[in-house]
Amino acid sequence: MTEPEENLKRVLQIKMRALGEPAQVLALIRSAAPFYRTIGGAGFRVLQNVDDPAQLLIEIEYAAHAALELNRQKVASDPMVRTFLQGWRAILAGSADMDVYEDVTG
């Protein structure tokens with residue numbers, strides 16, 4: 001009998017600048033919420049800078065299997081994930097930074 005895989009809680013943070021009308025970019029981001037839920041996203045929120053509405057911060061909470069977390073490149077090579085990311089990269093045209101965090105609040 002094998003032990004169940006450990007899930008690690010992670011937060012993907014995407015900081016970006018809208019290259020056009022912020023409302024259109026926000027609509028696009030909101031339309032992606034179901035995709036994030038299908039790949040294990042537990043929480044999803046979008047923050048807009050009140051002084052610079054073109055600056056957006058997206059936070060996606062998710063659980064990752066420990067084995068997958070050790071090899072994100074393998075996950076990134078999945079055809080569905082690659083297609084999704086290629087579309088976003090084209091839309092964002094290099095105007096986004098992505099980081100993965102662990103919540104260590106306590």
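Predicted model: local features only at pLDDT ≥ 70, side-chain atom pairs only at ≥ 80, totals over all residues.
R17 and D52 form a salt bridge, with their closest N and O atoms 2.4 Å apart. This pair links distant parts of the chain. R17 sits in strand β1, while D52 belongs to the loop between β2 (41–48) and β3.

Now look at how open the two partners are. R17 has a relative accessible area of 37%, so it is partly exposed. D52 has a relative accessible area of 23%, so it is partly exposed too.

How many salt bridges does the structure hold? There are two. Besides the pair of R17 and D52, the side chains of E59 and R45 meet in a salt bridge, at 2.9 Å from N to O. E59 lies in strand β3 and R45 in strand β2, so this pair ties together parts that are 14 residues apart in sequence. Is E59 buried or exposed? At 17% relative accessibility, E59 counts as buried, because the limit for that word is under 20%. R45 has a relative accessibility of 45%, so R45 counts as partly exposed.

Stay with E59 for a moment. Its strand, β3, covers residues 55–65. The side chain of E59 also makes a polar contact of 3.1 Å with the side chain of Q13. Which residues does E59 touch, leaving aside its neighbours within four places in sequence? They are V11, L12, Q13, G43, F44 and R45.

Next, step back to the whole chain. It has five helices and four strands. Read along the sequence, the pattern is β-α-α-β-β-α-α-α-β. Of the 106 residues in the chain, 27% are buried. Consider the contacts with a separation of 6 or more: residues 24 or more positions apart account for 71% of them. The accessible surface of the chain comes to about 7,600 Å². Carbon and sulfur atoms hold 54% of that surface.

What lies inside? In soluble globular proteins, nonpolar side chains tend to be buried together. Here the largest nonpolar core has 13 residues. Those with the most contacts inside this core are M16, V25, I29, L56 and I58. The elements that give two or more residues to the core are β1, α1 and β3. Which of them gives the most? It is β3, with five residues.

P22 is buried, because its relative accessible area is 15% and the limit is under 20%. Not counting residues up to four places away in sequence, P22 touches Q48, P53 and A54. Take P53 from that list. P22 and P53 are 31 residues apart along the chain, yet their C-alpha atoms are separated by 6.7 Å.

Finally, how far does the predictor trust its own model? The mean pLDDT of the chain is 75. Of its residues, 66% reach 70 or more. Where is confidence highest, and where is it lowest? It is highest in strand β1 (residues 7–17), at a mean of 83. It is lowest in helix α3 (residues 66–69), at a mean of 60.

Methods:
Residues numbered from 1 in each chain as written. Heavy atoms only, no water. Polar contact = N/O pair within 3.5 Å; in protein donor to acceptor, adjacent residues only side chain to side chain. Contact = heavy atoms within 4.5 Å. pLDDT = per-residue confidence, 0-100. Buried < 20%, exposed > 50% of the residue type's maximum accessible area, 1.4 Å probe, protein only. Salt bridge = Lys/Arg side-chain N within 4 Å of Asp/Glu carboxyl O. Core = buried A, V, L, I, M, F, W, Y, C linked by side-chain atoms within 4.5 Å. Areas by Shrake-Rupley, 256 points an atom, 1.4 Å probe, with all protein chains shown as cover.
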